[in-house]
Amino acid sequence: MKRKINKIAVLGSGVMGSRIALHFANIGCKVFLLDIAPRELNDKEKQKGLTLDDPSVRNRIVNENFKNILKAKPSPVYNNKVASLVTTGNFEDNMNWLAEVDWTIEVVIENLDIKKTVFEKVEKYRKEGTLITSNTSGIPIHKMLEGRSEDFQKHFCGTHFFNPPRYLQLLEIIPTPKTDPTVVDFLMHYGDLFLGKTTVLCKDTPAFIANRVGVFSIMAVFKLLKEMGFTIKEVDSLTGPLTGKPKSATFRTADVVGIDTLVHVANNLYNDCPKDESRELFKIPDFVDKMIKNNWLGDKTKQGFYKKTKDEKGKKEILEMNIETGEYGPSVKPKFASVAAAKPVDDLKDRIKMLVSSKDKAGEFLQKLYFYVFQYSSNRIPEITDEFYKIDDGMKAGFGWEIGPFETWDALGVEKTVKKMEEAGMKPAQWIYDMLESGVNSFYSIHDCKKEYYDINSNSYKEIAGIKDFIILDNYSTNKPVWKNTGTVLHDIGDGIVNLEFKTKMNSIGSEVLEGINKSIEIAEKDYRGLVIGNDGQHFSAGANLAMMFMLATEQEYDEIDFAVRTFQNTTMHIRYSSVPVVVAPHGLTLGGGCEVCLHADKVEASAETYIGLVEVGVGIIPAGGGTKEMTLRASDNYKPGDVKFNELQWRFLNIAMAKVATSASEAIKMDIFKKGRDNIIINSHRAIAQAKKSAIELAERGYTKPIQREDIKVLGRAALANMLLGAYSFSEAHYISSHDKKIAEKLAYIMCGGDLSAETKVNEQYLLDLEREAFLSLIGEKKTMERIQSILTTGKPLRN
């Protein structure tokens, strides 16, 4: 059966149900979202004289839940049209819709009896052969099958999404012994390709994989917090980005998720895992128990481990809880010598090695925590999975860890770490010793640019399933690069295509990256068929190297700044006018200069989660790497007979002037940053570079011809400029923008209108690039621009001056 998913039914419209529904809508599926009908009227309905039979009343619960989720931040949708693909209904009136769907997903309350009742109703309407799955996070999957038909059982499976499903990549697939293997294969593939997920096949064990290990890790942190006398802020400073974990670290994450939710999972694990050797660690510590009794549950009750408040002057303040006294007080910035020494180390694995080997309190804490997690993870094989890499995948995709437990163990050295664990009285599982005795000293190995894992049963390395279509640049590190400098590496990724990888901090674009782009194009033109620009970093590029510009402006080295801007412009034009196709694969933050690299590519293969825009105005300058020129050019290409040309130019001007950032690749298409019909959106970011390679090959095989530089860009001149200047003046007078913002807007308008020309004129690209550069040079030395750049460099936030 060649299965296709066009229509989905989601049963349950709570936080997870509504978000799952919207994520399917994000990829273009038609979704029915159903929930219970109310049993009684609310006050507003009574005042209106409505009855329980009125349609607005019967769908009130589902409609209110759905409406609230649409307001959530960050947004659950790629663009504001997505919600129109979701139709709401209720379990009493609309279950017959299930006869139309290809997949029904149950997301009701975590109660087995209620789920069984829902499935009984589903069976009355469900079409044979269609998928039926549960999003339960803890109820054994097989227990839901009692009383169900053979066809239902064959097509039933657990599909555990993580919240929020748009952003967290993990989808755990949990079959029962009666699930048809082809259904499992389909869900694993569909989740990866269409939903953008890391699909992890799990055994039907308590909390499956990620929550089992993830909640254990949190409980271990609770234990060490109390044992070692740390403050909450101190622990969060060690369990966040410093060690490759999310910014929310441990306690901020607990507040966001809900401390009651965490306690519920921990209690279930304690009760459902009587043979777990670390079972006692799942017992709720006294200070957390007190928080539950006080209803301090985190964000939902306005206080948890942290509490948001205001000081005497009305300024926002975040207090942290003292676990000994239960009182809240101001946070004290943690100070650890090991942390200060490790922070400048960019490579995460090197940084973790440095921290764990430190002899101070922070180093001791992290060593103990890693030992707990290593021991526990090794003991879960084969209970929760036969392949340890699934634990790493689960923790990375579900909990946002940059590297999983076994990858971290490899970085620290397996044999060396085992000896230290033994000294600490925390021996790992026997299979670790068996592996070492067989002469294998690492969990992972790279072979032919593919990552392999140590298979316990065969005592050999095997290829990781499901990633043969991925190009992961880290796997090319053992190969000799085609070329490299201090900020970039050029890899041969096969079939006549090379890939340029940025290696700077936040992949910012400075002289070394510009050199890398130019050199890569030259090499590709001489010896290859095409070039891909992409990387596996957290972000594609945070933009130009502001620190370098700030230094040059401080020293008033304006000739150097002029040279740097010219070099950037020449580089983006080199991308546009190379003799081989250049395809760019952006993801995550793609700001300023990173956006300008995309604007000049032959094609863009963008990850769905690409946050892109020309943001330079926010730091007091204008886009001068060809970004302003390119948006003026694109406006010109869209002028149509009979249309008001100024409108086409103005909305692009406003996007730049307001430093607007697209919050998805879909929105970037609406902003004309990515070209509709030419550029593609890749839902799974792990596939982007491989897809970019395919596109480069296709362009080359179609007979790629170097484009001809544009001489026909229509600029609107003085009339349009007057309108834009009037708008900037009005905004300034109304105090919507500062005097400095007004100055920037005026210079931006001057470029996009082609200067003070008496009439509409055709100009070439270099004409606009020269205007860009002149405006940039006039702004970079301004006091208020320097203040904004300094604020970004020191606080990460722009100054509104």
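**Rings, core and backbone**

Analyst: In this predicted model, ring pairs join Tyr370, Phe374, Phe388, Tyr389, Phe406, Trp409, Trp431, Phe443, Tyr444 and Tyr453 into a cluster. A search of the whole structure finds 36 aromatic pairs.

User: Why is the pair of Phe388 and Phe406 called tilted?

Analyst: The ring centres of Phe388 and Phe406 are 4.9 Å apart, and rings pair if their centres lie within 6.5 Å. Their planes meet at 45°; stacked requires under 30 degrees and edge-to-face over 60.

User: What parts does the pair of Phe388 and Phe406 tie together?

Analyst: Phe388 belongs to the loop between H15 and H16, while Phe406 is in helix H17 (residues 405–412), so the pair ties together parts that are 18 residues apart in sequence. Both Phe388 and Phe406 are buried.

User: What makes Tyr389 and Tyr453 an aromatic pair?

Analyst: Their rings are 4.7 Å apart, centre to centre, which is within the 6.5 Å limit. The planes are at 55°, and this pair too is tilted. Because Tyr389 lies in helix H16 and Tyr453 in strand S13, the pair ties together parts that are 64 residues apart in sequence. Tyr389 and Tyr453 are both buried.

User: How do you know that the charged end of Lys451 sits over the ring of Tyr444?

Analyst: The charged end of Lys451 is 4.3 Å from the centre of the Tyr444 ring. The distance must be within 6 Å, and the charge must also be within 35 degrees of the ring normal. Lys451 is listed as sitting over the ring. The charged end of Arg148 likewise sits over the ring of Phe152, 5.8 Å from its centre.

User: Which residues touch the most other members of the largest nonpolar core?

Analyst: They are Phe305, Phe365, Phe388, Trp431 and Phe443, in a core of 114 residues. Helix H8 supplies the largest share of this core, 12 residues. Another core lies apart from it, with 79 residues, among them Ala553, Leu716, Ala720 and Ile780.

User: What does Trp431 touch, not counting residues up to four places away in sequence?

Analyst: Trp431 touches Ser378, Ile381, Phe388, Phe406, Phe443, Tyr454 and Ile456. Contact here means heavy atoms within 4.5 Å.

User: Why is Ala207 called buried?

Analyst: Ala207 has a relative accessible area of 6%, and buried means under 20%. The value is below that limit, so Ala207 is buried. Ala207 lies in the loop between strand S8 (198–201) and helix H8 (210–228). Its phi is near 65°, a positive value in a residue other than glycine.

User: Is Asp448 buried or exposed, and what value shows this?

Analyst: Asp448 has a relative accessible area of 63%. Exposed means over 50%, so Asp448 is exposed. Asp448 is in the loop between strand S12 (444–447) and strand S13 (450–455). Although Asp448 is not a glycine, its phi is positive, at about 50°.

User: Where is the cis peptide bond with omega near -5°?

Analyst: That bond runs from Lys73 to Pro74. Pro74 is found in the loop between helix H4 (60–70) and strand S3 (86–90). A cis peptide bond also joins Ile381 and Pro382, with omega about 5°. Pro382 is placed in the loop between helix H15 (361–379) and helix H16 (389–399).

Note on methods:
Residues are numbered from 1 along each chain as its sequence is written. This is a predicted model: local features need pLDDT of at least 70, side-chain atom pairs count only at pLDDT 80 or more; totals for chains, interfaces and linings use all residues. Side-chain values use heavy atoms; hydrogens and water are left out. Helices (H or I, at least four residues) and strands (E, at least two) are DSSP runs, numbered from the N terminus. Buried means under 20% relative accessible area, exposed over 50%, partly exposed in between (1.4 Å probe, protein chains only). A nonpolar core is a set of buried Ala, Val, Leu, Ile, Met, Phe, Trp, Tyr and Cys residues joined through side-chain atoms within 4.5 Å. Rings of Phe, Tyr and Trp (its six-membered ring) pair if their centres lie within 6.5 Å; planes under 30 degrees apart count as stacked, over 60 as edge-to-face and the rest as tilted.
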